[in-house]
Amino acid sequence: MNQQNMIVIGGGASGLTAAICALRAGLDVCVLEAEATVCKKLAATGNGKCNFTHAGISGIEYYSDQPDLIREILTDYPTEHILSFASSLGISYVEKNGYFYPHAQQASAVCKA
């Protein structure tokens with residue numbers, strides 16, 4: 001049995017992002033997903049086109065009892081940071097009305113990356 005430095009529960013966007021970051025940091029990672037495949041919900045975003053981020057996000061779009069935390073996260077991870085991360089995965093993108101999609105405008109491009 002292999003020893004893992006990190007186990008990620010869930011193969012959605014957040015779980016896979018955590019796994020990628022951990023791998024880049026040199027950790028061994030195991031992703032556990034209850035569904036038959038990872039990226040199931042991600043593949044459905046943006047009507048299958050996968051709008052993975054958008055410009056001008058301020059925090060008012062989120063409902064939370066911790067609005068300061070939301071603002072802090074958005075300050076630490078602005079749109080430019082998300083676009084850079086996507087590029088580092090080989091995802092080219094296009095912008096339409098402030099929303100960013102993979103260039104192919106298919107969620108499968110993001111899931112494959």
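Biologist: What is the bridge partner of Tyr93 in strand 5?
Modeller: Pro102 is the partner of Tyr93 there. Keep in mind that this is a predicted model.

Biologist: How many bridges join strand 4 to strand 5?
Modeller: Four bridges join them, and the two strands run antiparallel.

Biologist: What is the order of strands in the open sheet?
Modeller: The order is 3-5-4, in an open sheet of three strands with antiparallel pairing.

Biologist: Which are the edge strands?
Modeller: Strand 3, residues 53-54, and strand 4 are the edges. Each of them pairs on one side only.

Biologist: What packs against strand 3, strand 4 and strand 5?
Modeller: The buried residues of helix 3 do.

Biologist: Which residues are buried in helix 3?
Modeller: Thr79, Leu83 and Ala86 are buried in that helix, which spans residues 79-88. They sit on the same side of helix 3, because they cover an arc of only 60 degrees around its axis.

Biologist: And just after helix 3, which residue takes a positive phi?
Modeller: Gly90 does, with a phi of about 85 degrees.

Biologist: Back to the strands. Where is Asn97?
Modeller: Asn97 is in the loop between strand 4 (93-96) and strand 5 (99-102). Its phi is near 55 degrees, a positive value in a residue other than glycine.

Biologist: Why point that out?
Modeller: Most residues other than glycine have a negative phi.

Biologist: Is Asn97 buried or exposed?
Modeller: Asn97 counts as exposed, because its relative accessibility is 67% and the cut-off for exposed is over 50%.

Biologist: What about Gln105, what is its phi?
Modeller: Gln105 also has a positive phi, near 55 degrees. This residue lies in the loop between strand 5 and helix 4, residues 107-112. At 28% relative accessibility, Gln105 counts as partly exposed.

Biologist: New topic, charges. What does the salt bridge count come to?
Modeller: The count comes to two salt bridges. One of them joins Asp68 and Arg71, with the closest N and O atoms 2.3 Å apart.

Biologist: How many residues apart are Asp68 and Arg71 in helix 2?
Modeller: They are three residues apart in helix 2, residues 67-76, so about one helical turn separates them.

Biologist: Why does that spacing matter for direction?
Modeller: An α-helix has 3.6 residues a turn, so residues three or four places apart point the same way.

Biologist: How accessible are Asp68 and Arg71?
Modeller: Asp68 is exposed, with a relative accessible area of 54%. Arg71 counts as partly exposed at 41%.

Biologist: Which residue meets Lys40 in a salt bridge?
Modeller: Glu35 does, and the N to O distance between the side chains is 3.5 Å. Lys40 is exposed, with a relative accessible area of 53%. Glu35 is partly exposed, at 41%.

Biologist: Now something greasy. Which residues form a nonpolar patch on the surface?
Modeller: Ile7, Ile9 and Leu32 form that patch. Together they have about 320 Å² of accessible area.

Biologist: Where is Ile7 found?
Modeller: Ile7 is found in strand 1, residues 6-9. Its relative accessible area is 52%, so Ile7 is exposed.

Technical notes: Residues numbered from 1 in each chain as written. Predicted model: local features only at pLDDT ≥ 70, side-chain atom pairs only at ≥ 80, totals over all residues. Heavy atoms only, no water. Buried < 20%, exposed > 50% of the residue type's maximum accessible area, 1.4 Å probe, protein only. Pairing = 2+ DSSP bridges. Salt bridge = Lys/Arg side-chain N within 4 Å of Asp/Glu carboxyl O. Patch = residues over 30% accessible without salt bridge, like charges linked within 9 Å, V, L, I, M, F, W, Y side chains within 5 Å. Areas by Shrake-Rupley, 256 points an atom, 1.4 Å probe, with all protein chains shown as cover. Arc of directions from axis to C-beta. Contact = heavy atoms within 4.5 Å.
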